[in-house]
Amino acid sequence: MNDTEVDVIVVGAGLSGLVTAGELTAAGKRVLLLDQEPRASLGGQAFWSFGGLFLVDSPEQRRLGVHDSADLAFSDWLGSAQFEPGAERGEGPDRHGYAWARGFVDFAAGGMRSWLHGKGVRWFPLVQWAERGGYLADGHGNSVPRFHVTWGTGPGVVEPFVAAALDAARGGLLDVRFRHRVTDLVVADGRVTGVRAEILAPDDGARGVPSSREVVGEVELAAGAVVIASGGIGANHDLVRARWPRDAGTLPPRMLQGVPDSTDGLLLEVARDSGAAMVHEDRMWHYPEGIANHSPVWTNHGIRILPGPSSLWLDADGRRFPQPLYPGFDALGSLQHVTRQSDTHSWFVLNRKIMESEFALSGSEQNPDLTRKDVRLLTRRVLPGAVGPVAAFAEKSPEFVFAATPADLAAGMNALVGERRIDAGELARTIALRDAQVTSGLGKDHQVVATAMARRFTVDRLIRVAPPRPLTDPKDGPLLAVRLSVLTRKTLGGLHTDAVGRVLRSDGEVLEGLWAVGEASGFGGGGAHGHRALEGTFLGGCLFTGRTVGRALAR
């Protein structure tokens, strides 16, 4: 394909870029797909994900007796998003985000599953319950389980779109050029007509490993339209700190990174310099439950613990988090509890039995049974003992502190951080008070009650929530404390787009020729999630925005 024959340039070969390119080439459009990373990183950040998708009223839910609907899901979405007033009337800064949110929920309750199923995507039948909320009915959280783990995890979601890209390349409709870092948008008479890019030195590094930034050439490329699919800012910690809302406290000096180094936000600044509007830049979705990867791939590589609800969540001084900030209920609320206290870390306190029953780890590489579609390995999840990756972290990670008694546990926690911040007596009292609630058989402690309620859901009872017993029960020991760090991950704001994905200028008018998808667009409209997100909506948002924009451009 010659450079002069291109209809659309898509910048970013992650999931949203691949979906966009796939829709365009399926309509016969000629597409140039650029990415700054080596060929090994095709598929981008989505490849590393757990592959969870937010689906509504699915066959998987119905088989488990879960009653869901688009109306209930959108009510939950609005309770989490807390859009600015007027958004539902098409007014104010959240008007486009609201429209994208409505469209996405309808897609999740309608055509998304059949569309993906037709591409060969399948799901683990045990639907998970993420972001339970714990507030009133109109507050944050999922009313029912909606987190559908893809059979094959992140790679399983990406696979059909990679296959479509390779087919389009063989057919001459798609030209994929790696090691091209876009540094400028070409603008003529108020319209984006192409890009300027640096050509980076060849690099045969493995997927996700930081690649060379040596520049060996430059190129200018023209097209009828440019689509930005470059992701968010999670690897740029300076930018994350600069945009973190002041009323949410202070992010700690040491943070872990849940995305490869290439998720740097540089192209967003390039677009801004060319006249594109950014909105809701202070809206982010980072996690407080990070632990350092004992076998890192990228810089400060962290893994998120996906906890069940039984662990005590304590701040750096050993005090329990306030309700309903329990494990698995409100990630952003828990993060802001840490940052508003200017803490560097927090703790899960539990025992070995709870770890074995309730701990899972996010990411494709941490779930080899699901990623490799290994049924024999998968059956071990219902057997006694921790799944392999969790057991490996418990053995290899210094963040896991085991002890026989609360006093010994406090000593180990203090030794790990190098400060005497945990009082042994207070820790013992906190554990004893919790255990007394459990042994009562009923209890007034809201976390104990919520944990008992969770076991009414079949999946939680089978594989996610331990039977309610005292933490100090000898047969479930030893006690365990896990030090948790802030893990950067997702950007909720981004390039301001209209209802079909065209990027807007600061005056609200369309910047002709420029479009945005995925995390770069705040998953639609510059902020489809509002202030908070429901888990499983990020991959889905990449799929939905890529599909919508690709089809709009193909017309």
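Visitor: Which element gives the most to the lining of the second largest pocket?
Guide: The model is predicted: local features need pLDDT of at least 70, side-chain atom pairs count only at 80 or more, and totals for chains, interfaces and linings use all residues. Residues are numbered from 1 along each chain as its sequence is written; side-chain values use heavy atoms, without hydrogens or water. The top contributor, with five residues, is α16.

Visitor: What is the volume of the second largest pocket?
Guide: A pocket is an open set of points on a 1 Å grid over the protein atoms alone, with protein on both sides within 12 Å along at least five of seven lines. Points join across faces, edges and corners, and probe spheres (1.4 Å) set on them fill the volume. For the second largest pocket that gives about 590 Å³.

Visitor: How many residues line the second largest pocket?
Guide: Lining residues have an atom within 4 Å of a point. Trp-129, Arg-132, Asn-142, Ser-143 and Val-144 lie nearest the centre of the second largest pocket. The lining count is 29.

Visitor: How many residues of that lining are nonpolar?
Guide: Ala, Val, Leu, Ile, Met, Phe, Trp, Tyr, Cys and Pro count as nonpolar, Asp, Glu, Lys and Arg as charged, the others, Gly among them, as polar. The lining of the second largest pocket has three charged and 11 polar residues. Its nonpolar count is 15.

Visitor: How are helices α1 and α6 oriented to each other?
Guide: The axes of α1 (15–26) and α6 (153–170) come within 9 Å and cross at roughly 45 degrees (lines fitted to C-alpha atoms, for helices over the stretch in contact; angles run 0 to 180 degrees between N-to-C directions). Under 35 degrees counts as roughly parallel, over 145 as roughly antiparallel, 65 to 115 as roughly perpendicular, the rest as oblique. So α1 and α6 are oblique.

Visitor: Which hand does the crossing of α1 and α18 have?
Guide: The axes of α1 and α18 (537–554) come within 7 Å and cross at roughly 30 degrees, so these two helices are roughly parallel. A crossing is left-handed if the near helix is turned anticlockwise from the far one by less than a right angle, and right-handed if clockwise. α1 passes α6 in a left-handed crossing. The crossing of α1 and α18 is right-handed.

Visitor: Which residue in β2 is the bridge partner of Val-8?
Guide: Six strands form an open, mixed sheet in the order β5-β2-β1-β9-β21-β20; strands pair if DSSP finds at least two bridges. β5 (174–178) and β20 (502–504) each have a single partner strand, so one side of each lacks a neighbour in the sheet. β1 (8–11) and β2 (31–35) run parallel, joined by four bridges. The partner of Val-8 is Val-31.

Visitor: Which residue in β7 stands opposite Val-187?
Guide: Three strands form an antiparallel open sheet in the order β6-β7-β8. β6 (180–188) and β8 (215–222) are its edge strands, and the twist averages 20 degrees from one strand to the next. β6 and β7 (191–200) pair over eight bridges. Opposite Val-187 stands Val-192.

Visitor: Where is Pro-478 placed?
Guide: The peptide bond from Gly-477 to Pro-478 is cis, with omega about 5 degrees. Another cis bond joins Gln-323 to Pro-324, with omega near -5 degrees, and Pro-324 sits in the loop between β14 (312–314) and α9 (331–340). Pro-478 is in the loop between α17 (458–464) and β18 (479–491).

Visitor: What is phi of Thr-153?
Guide: Thr-153 is found in helix α6. Its phi is positive, in a residue other than glycine. The value is near 50 degrees.
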